[in-house]
Amino acid sequence: MQTVYIIEDDKLLCDLLSGLIETEIDLEVVGAHGDGTEGLRQCQLKKPDVLICDLHLPGLNGMEIVQRLKADRPEIRILVVSGIFNLARIKRVLLSKADGIIEKTAGLEEMRKALKSVASGQSYYSPEILRRMPELLSVQPSDGSLESLTTREREVLQLIGEGHTTKEIASKLSISVRTADVHRTHLMQKLKVHNVAGLTRASIQFGLVKPAASL
């Protein structure tokens with residue numbers, strides 16, 4: 001039987017997904033976590049066949065999780081779930097090589113269909129996302145975009161958006177305070193902002209942090 005891991009910080013949704021899988025889908029849930037960093041670590045240890053992953057997560061956002069897992073294990077099947085989508089974000093999910101995208105507003109029947117499709121080796125995109133696919137062709141990465149940042153810079157930007165100080169960021173990423181400060185300076189230069197408030201707004205705009213997390 002194929003195995004599935006869930007990274008979702010909404011416990012109610014996580015429990016609903018676990019119940020749906022255990023009762024109606026031929027998959028075995030081997031774990032779940034609400035923190036992105038720990039969820040990624042568990043996935044690397046347990047090596048599930050399928051991952052259900054939210055985009056907005058504390059610790060490490062879903063986009064980074066997808067990219068890292070796909071780089072290490074291209075065969076893993078990943079269904080991305082999120083409540084906030086825009087064209088740029090959809091394109092970033094597609095470029096990350098996720099196998100499916102579905103909104104949190106979808107019903108259980110659509111979730112069942114999406115998970116079965118992804119687990120069987122097919123792709124699945126919700127009807128609303130498919131409708132907007134033609135618009136994606138005109139969305140191009142540019143200077144000042146998330147694609148212009150390194151992996152470490154994206155991690156630092158997310159932590160800034162979550163309200164962490166430079167010292168806290170250094171501790172979480174096991175780097176020196178000076179290195180963390182250098183990353184912050186580079187972020188300001190690349191994103192053309194002049195203070196932490198500007199970086200926080202950018203982290204929300206890029207979908208690394210939920211708006212409420214910055215308040």
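**Questions on a predicted model**

Student: In the chain, what share of the contacts with a separation of 6 or more comes from residues 24 or more positions apart?
Tutor: This is a predicted model. Among contacts in the chain with a separation of 6 or more, those between residues 24 or more positions apart account for 65%.

Student: What radius of gyration does the chain have, and what would a compact globule have?
Tutor: The chain has 215 residues, and for that number a compact globule would have a radius of gyration near 17 Å. The C-alpha atoms fill a box of roughly 50 × 40 × 30 Å along the principal axes. The radius of the chain agrees with the globule value, at 17 Å.

Student: How many helices and strands are there, and in what order do the strands lie in the sheet?
Tutor: The chain comes to 10 helices and 6 strands. The 6 strands form an open sheet with parallel pairing. At the edges are E2 (27-33) and E6 (124-125), each of which pairs on one side only. The order is E2-E1-E3-E4-E5-E6.

Student: Which residue in E4 is the bridge partner of Cys53?
Tutor: Strand E3 covers residues 50-54 and runs parallel to E4, residues 77-82. The two strands are joined by 5 bridges. The partner of Cys53 in E4 is Val80.

Student: What angle does the direction of helix H5 make with that of E4?
Tutor: H5 (residues 108-119) packs on the sheet and touches E1 (2-7), E2, E3, E4, E5 (100-103) and E6. Its direction makes an angle with that of E4 of about 155°.

Student: Is Thr151 buried, partly exposed or exposed?
Tutor: Thr151 is found in helix H7, residues 151-161. Leaving out residues up to four places away in sequence, Thr151 touches Glu64 and Arg68. Buried would require under 20% relative accessibility and exposed over 50%. Thr151 has 36%, so it counts as partly exposed.

Student: How many of the residues of H7 are buried, and which helices are included in what covers them?
Tutor: The buried residues of H7 include Glu153, Arg154 and Leu157. Their cover includes H3 (62-72), H8 (166-173), H9 (177-191) and H10 (196-205). H7 is mostly covered, the count of buried residues being 9 of its 11.

Student: Which residue with a positive phi follows H7?
Tutor: The phi of this residue is near 95°. The residue that follows H7 with this positive value is Gly163.

How values were computed
Residues are numbered from 1 along each chain as its sequence is written. This is a predicted model: local features need pLDDT of at least 70, side-chain atom pairs count only at pLDDT 80 or more; totals for chains, interfaces and linings use all residues. Side-chain values use heavy atoms; hydrogens and water are left out. Two strands pair if DSSP finds at least two bridges between them. Helices (H or I, at least four residues) and strands (E, at least two) are DSSP runs, numbered from the N terminus. Contact means heavy atoms within 4.5 Å. Axes are lines fitted to C-alpha atoms, for helices over the stretch in contact, and angles run from 0 to 180 degrees between N-to-C directions. Buried means under 20% relative accessible area, exposed over 50%, partly exposed in between (1.4 Å probe, protein chains only). The radius of gyration is taken over C-alpha atoms; the globule rule is 2.2 Å times the number of residues to the power 0.38.
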